[in-house]
Amino acid sequence: MKNVLFAKRVRPDPELLILKAELLEAQGELACAYQQFDHALDPELVESCIYQISAVKARCNYLIRAIKERSPEAAAAADLQGEAVWT
C-alpha cells in the first residue's frame, strides 16, 4: 500500500487569477455604469452611458469565455456555466 505523506499542491494558474480579477473589476465598472445611467438626465449622457454599459458587458463576456477556456473546473466552481446573459 502506498502512503502519501504530502499531498501534491497544484499551483493556481497566474493568468487565470488575473482574468478573474479583471472580471471582478469589470463587474464593478458595470454596476457603476448602471448607476450613472440611472442618474443621467441629458439625452447625450444617457446615450453615452448606454455605450459604456455595452462596452463593459462585452468585456465581461470576453473574460467569462476566457476563464471557461482556461479552466472548465474554475468555470464550474464559479457557476459560470452556460451562455452569459446580462440584463
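Is glutamate 15 buried, partly exposed or exposed, and what is its relative accessibility? At 42% relative accessibility, glutamate 15 counts as partly exposed, a class that lies between buried (under 20% relative accessible area) and exposed (over 50%), computed with a 1.4 Å probe on protein chains only.

The structure is a predicted model, in which local features need pLDDT of at least 70 and side-chain atom pairs count only at pLDDT 80 or more, whereas totals for chains, interfaces and linings use all residues. Residues are numbered from 1 along each chain as its sequence is written, and side-chain values use heavy atoms, with hydrogens and water left out.

Helix 1 spans residues 14–39 and helix 2 spans residues 43–70; helices are DSSP runs (H or I, at least four residues) numbered from the N terminus. The two helices pack at an angle of about 160 degrees, and their axes are 9 Å apart. Axes are lines fitted to C-alpha atoms over the stretch in contact, and angles run from 0 to 180 degrees between N-to-C directions. Helix 1 is therefore roughly antiparallel to helix 2, a term for angles over 145 degrees. The crossing of helix 1 past helix 2 is left-handed, meaning that the near helix is turned anticlockwise from the far one by less than a right angle. In the contact of helix 1 with helix 2 there are 18 nonpolar, three polar and seven charged residues. Of these classes, charged covers Asp, Glu, Lys and Arg, nonpolar covers Ala, Val, Leu, Ile, Met, Phe, Trp, Tyr, Cys and Pro, and polar covers the others, Gly among them.

Side chains of opposite charge can pair when their charged atoms come close. Three salt bridges are found in a search of the whole structure, each defined as a side-chain nitrogen of Lys or Arg within 4 Å of a carboxyl oxygen of Asp or Glu. One of them joins aspartate 13 to arginine 70, at 2.5 Å from N to O. Aspartate 13 lies in the segment before helix 1 and arginine 70 in helix 2, 57 residues apart. Glutamate 15 also forms a salt bridge with arginine 70, at 3.7 Å from N to O; this pair links helix 1 to helix 2 across 55 residues.

A further salt bridge connects glutamate 29 and arginine 59, with the closest N and O atoms 2.2 Å apart. Because glutamate 29 lies in helix 1 and arginine 59 in helix 2, the pair ties together parts 30 residues apart in sequence. Through shared partners, salt bridges join Asp13, Glu15 and Arg70 into one network.

How values were computed: Parallel < 35°, antiparallel > 145°, perpendicular 65-115°, else oblique.
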